[in-house]
Amino acid sequence: MLKIGIVVGSTRPGRNGEAVARWVLDLATKRGDAEYQLVDIASFDLPVFDEPVPPSMGQPFTKAHSKAWSAAIAPLDAFVFVTPEYNHSTSGALKNALDYLFYEWHDKAAGFVSYGGAGGVRAVEHLRGIVGELHIADVRSQVALSLFDDFKNYSTFAPRDIQANTLMTVLDELLGWAGALKGYRESKHAKAG
Ligand SMILES: Cc1cc2nc3c(=O)[nH]c(=O)nc-3n(C[C@H](O)[C@H](O)[C@H](O)COP(=O)(O)O)c2cc1C
């Protein structure tokens with residue numbers, strides 16, 4: 001079965017991101033078509049990137065937190081990035097977590113679930129550029145949750161029914177590409193010997 005990580009992209013105490021990610025996990029798990037798991041950036045306590053060498057250089061990591069983060073991401077086949085919109089972009093925490101790794105992200109698929117005043121769409125537009133640099137293939141469909149219409153008092157998650165349908169479309173697209181890219185990674189590694 002494909003392994004899909006649902007990445008909680010905010011670390012703020014009282015964050016909305018955790019409820020959103022748990023909703024994704026709950027609906028995704030009911031599909032029974034992959035192994036879905038939460039990947040909570042907050043639990044890795046990543047400082048602002050502090051490795052001496054860029055991860056693209058392929059050197060061993062020097063810090064325990066980098067090694068733990070790498071070990072969590074490497075076995076996964078695809079990702080659902082759950083992102084808030086902070087100042088018209090994604091959170092610093094998610095950008096930082098993406099920056100920490102390079103090869104662990106390569107040739108894998110991603111979909112996005114965003115939230116914010118305007119559905120978090122500006123955060124996802126930025127994220128698409130970032131994940132492209134990491135060789136992640138991002139699917140077109142996106143769940144864009146409105147702080148006004150999918151939350152009560154901007155803090156209690158209560159999504160409109162339509163959002164679950166959109167999430168299924170995102171997951172359909174994601175699993176298609178995740179399976180294709182898993183085959184691609186295997187043939188690439190076989191050729192490399
Ligand atoms: C630093 C900061 C900047 C924000 N900037 C925006 C923004 O530019 N656009 C927007 O729609 N919402 C913005 N918001 C509102 C967040 O999208 C909203 O508070 C969301 O719940 C944050 O995610 P979190 O609760 O998981 O931390 C901002 C919130 C914070 C904390």
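Colleague: F81 to start with. Buried or exposed?
Modeller: F81 is buried, at a relative accessible area of 0%. Buried means under 20% relative accessible area, exposed over 50%, and partly exposed in between, using a 1.4 Å probe and protein chains only. This is a predicted model, where local features need pLDDT of at least 70, side-chain atom pairs count only at pLDDT 80 or more, and totals for chains, interfaces and linings use all residues. Residues are numbered from 1 along each chain as its sequence is written, and side-chain values use heavy atoms, with hydrogens and water left out.

Colleague: How many aromatic pairs are there?
Modeller: Twelve aromatic pairs. Rings of Phe, Tyr and Trp (its six-membered ring) pair if their centres lie within 6.5 Å; planes under 30 degrees apart are stacked, over 60 edge-to-face, the rest tilted.

Colleague: What sort of pair do F79 and F81 make?
Modeller: A stacked one, with 5.7 Å between the centres and 25° between the planes. F79 is buried too, at 0% relative accessible area.

Colleague: And F151 with F157? What geometry?
Modeller: Tilted, with 45° between the planes and 5.0 Å centre to centre. F151 is buried at 5%, and F157 is buried at 16%.

Colleague: Which residues do ring pairs link into a cluster?
Modeller: F44, W69, F79, F81, W105 and F112.

Colleague: Now α2. Which of its residues are buried?
Modeller: H65, S66, W69, S70 and I73, in a helix that spans residues 64-73. Helices (H or I, at least four residues) and strands (E, at least two) are DSSP runs, numbered from the N terminus.

Colleague: Where do those buried residues fall, seen down the axis?
Modeller: Within an arc of 135°, so they line one face of α2. The arc is taken from the directions that run from the helix axis to the C-beta atoms.

Colleague: What covers them?
Modeller: The cover includes β2 (35-40), β3 (78-84), α3 (92-100) and β4 (108-116).

Colleague: Switching to L171. Where is it found?
Modeller: In helix α5, residues 161-192. L171 is buried, at 0%. L171 touches A28, R31, Y36 and V80, leaving out residues up to four places away in sequence. Contact means heavy atoms within 4.5 Å.

Colleague: How far is L171 from F112?
Modeller: They are 59 residues apart in sequence, and 9.7 Å apart C-alpha to C-alpha.

Colleague: On to the ligand. Which residues come nearest?
Modeller: S10, R12, N16, Y86 and Y115, out of 16 residues around the ligand. A residue counts as near if one of its heavy atoms lies within 4 Å.

Colleague: What does Y86 do there?
Modeller: A polar side-chain atom of Y86 sits 2.6 Å from a ligand oxygen. The backbone takes part as well: a polar backbone atom of N87 is 2.8 Å from a ligand nitrogen, and one of G117 is 2.7 Å from a ligand oxygen.

Colleague: How much of the ligand's area does the protein cover?
Modeller: 73% of the 610 Å² of accessible area that the ligand has on its own. Those areas come from the Shrake-Rupley method with a 1.4 Å probe; for residues, only the protein chains shown count as cover.

Colleague: Back to N16. Which residues is it in contact with?
Modeller: Y115, L147, F151, Y154 and S155, leaving aside neighbours within four places in sequence. N16 lies in the loop between β1 (3-8) and α1 (17-31). N16 is buried, at 10% relative accessibility.

Colleague: And N87? What is its phi?
Modeller: Near 45°, a positive value in a residue other than glycine. N87 is in the loop between β3 and α3, and is exposed at 79%.

Colleague: What about phi of D107?
Modeller: About 55°, positive although D107 is not a glycine. D107 belongs to the loop between α3 and β4. D107 is buried at 11%.

Colleague: Last one, D150. Where is its place?
Modeller: In the loop between β5 (136-146) and β6 (151-152). D150 is buried, at 0%. The side chains of D150 and R160 are joined by a polar contact of 2.9 Å. A polar contact is a pair of N or O atoms within 3.5 Å; within protein, one must be able to donate a hydrogen and the other to accept it, and residues adjacent in sequence count only if both atoms are side-chain atoms.

Colleague: What else does D150 touch?
Modeller: Not counting residues up to four places away in sequence, its contacts include A144, L145, T156, F157 and Q163.
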